[in-house]
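Dear colleague,

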Amino acid sequence: KYSDDPKAAALGQRLFFEKGYSGPIKVANDLGQAGEAGKVSCESCHVKTDWYVDTRSDPPNTSLAIDWFFRNSPTLVNVATYSKWFGWVGFNDTLWGKCLIPAEFVMGTDRSGIVHFLYQNQSYRDEYNALFDPDLDPDLDPLSPNAARFPVPATPIVAPDVWGTRLDADKDVINQAYANFGKALGAYLRKLYSANAPFDAYLAGDEAAISESAKRGAKLFIGKATCVSCHEGPTMSDNDFHVTGVSQIGDHVLPMKDGGDPGRYGAIDVYLGWDFSTRGKYNDDPTIDYSKDVTKDEKLMGAFRTKGLRSVAETGPFMHTGHLATLREVVEFYNAGGGEAGTYAGTKDELMVPLNLSEQEIDDLVAFLETLTGDPIPAALQVDTSFGAAGK
């Protein structure tokens, strides 16, 4: 309903850069000291000047903001072109719903805290009320005689005991406002769109748009290297989940002694229990329910969503572990047929076999992938418009 509403996108841009709703830092880093709150925004792990990937965490494999996360932060450029599943493991089947995952899982807050933040900051409250119906509930005011309706924290994820004591109507007030928060963010992310790559010009008939090496790489992509088996279509992703055998390398990934990263298999329960998906009441198009086709199949253990390759040359580090720094390393990984058994969860996809590419063919494939970088994101979308920014 709000996906292409410019007012929703404007609010979403403010919220993307806003730090005020983040919780206390657990591991001191360049964003702040342990115990400090209001230091982390979405942009902290999706850096606007670097194609909205995390280039500030050190080491860069996974992301450090409130705390270390166990996966690499993927790019948000062209994220709206995903057809169904979002994130490495498909925690959600809508972009707006995916925008709600970080607050309750990695930003040290919860849905009730977010909604209280929106109410208690007059500028955000005014923009929210001008966009969404109904207005934010006046009992969110801590001075209201009925303020006890909305305690903080209260959420099935962070504070389930408190959440369980709430009236269903009061839960719905929080959930609807939280859903709208996600829809504003989603409207902004839809604008982070990059097209017009050199390869697009080549396909349109400009023979000089890419190098001879890249042309050879394109043939390898659909031929000997078999990349197109999973990286297909305009976004170069089948938007499905595969076990490619990415070894759990890095200090902060899920260790193999604990079973490694379960990938899509571990995400199913989160997805099916999440209030903000196509099967939930906050979905604006009730004719769509992707959950009907979802089952928890053991074959999904260790599987991750096929990464789209648009602008891939700009979005390293690579893989969910972030342990591959360059595109050449990625091609070499696939050329070897993936990682060694016992270094990743699940059973490797049958398509993952050694490719026997020569050094020149690897270079050609990398040259092709480099032609997929499109237009930069407009500067106006990279401005911190949050009300918490200096001078606001």
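A nonpolar core is taken here as a set of buried Ala, Val, Leu, Ile, Met, Phe, Trp, Tyr and Cys residues joined through side-chain atoms within 4.5 Å. Please bear in mind that this is a predicted model.

By that definition, the largest nonpolar core comprises 64 residues, and L15, F16, F181 and L189 have the most contacts inside it. At least two residues of this core come from each of α1 (6-17), α2 (95-98), α3 (101-105), α4 (111-120), α5 (122-131) and α7 (168-189). The greatest contribution is that of α7, with 10 residues. Leaving aside residues up to four places away in sequence, L15 touches Y21, C42, L118, Y124, F181, A184 and L185. Another core, of 29 residues, lies apart from the largest one and includes F199, L324, F333 and A367.

The largest cavity holds about 640 Å³. It is lined by 32 residues, of which H231, T244, M319, V330 and Y334 are the closest to its centre. Two or more lining residues are given by each of β2 (304-305), α11 (327-335) and α12 (359-369), with α11 supplying the largest share, 4 residues.

Among the residues that line it are V243, T244, D261, F304, H320 and Y344. Its lining consists of 5 nonpolar, 5 polar and 1 charged residues.

With kind regards

Notes. Residues numbered from 1 in each chain as written. Predicted model: local features only at pLDDT ≥ 70, side-chain atom pairs only at ≥ 80, totals over all residues. Heavy atoms only, no water. Buried < 20%, exposed > 50% of the residue type's maximum accessible area, 1.4 Å probe, protein only. Contact = heavy atoms within 4.5 Å. 1 Å grid on protein atoms, 1.4 Å probe; cavity = no way out; pocket = protein on both sides within 12 Å on 5 of 7 lines; lining within 4 Å. Points joined across faces, edges and corners; volume = space filled by probe spheres on them. Nonpolar A, V, L, I, M, F, W, Y, C, P; charged D, E, K, R; others polar.
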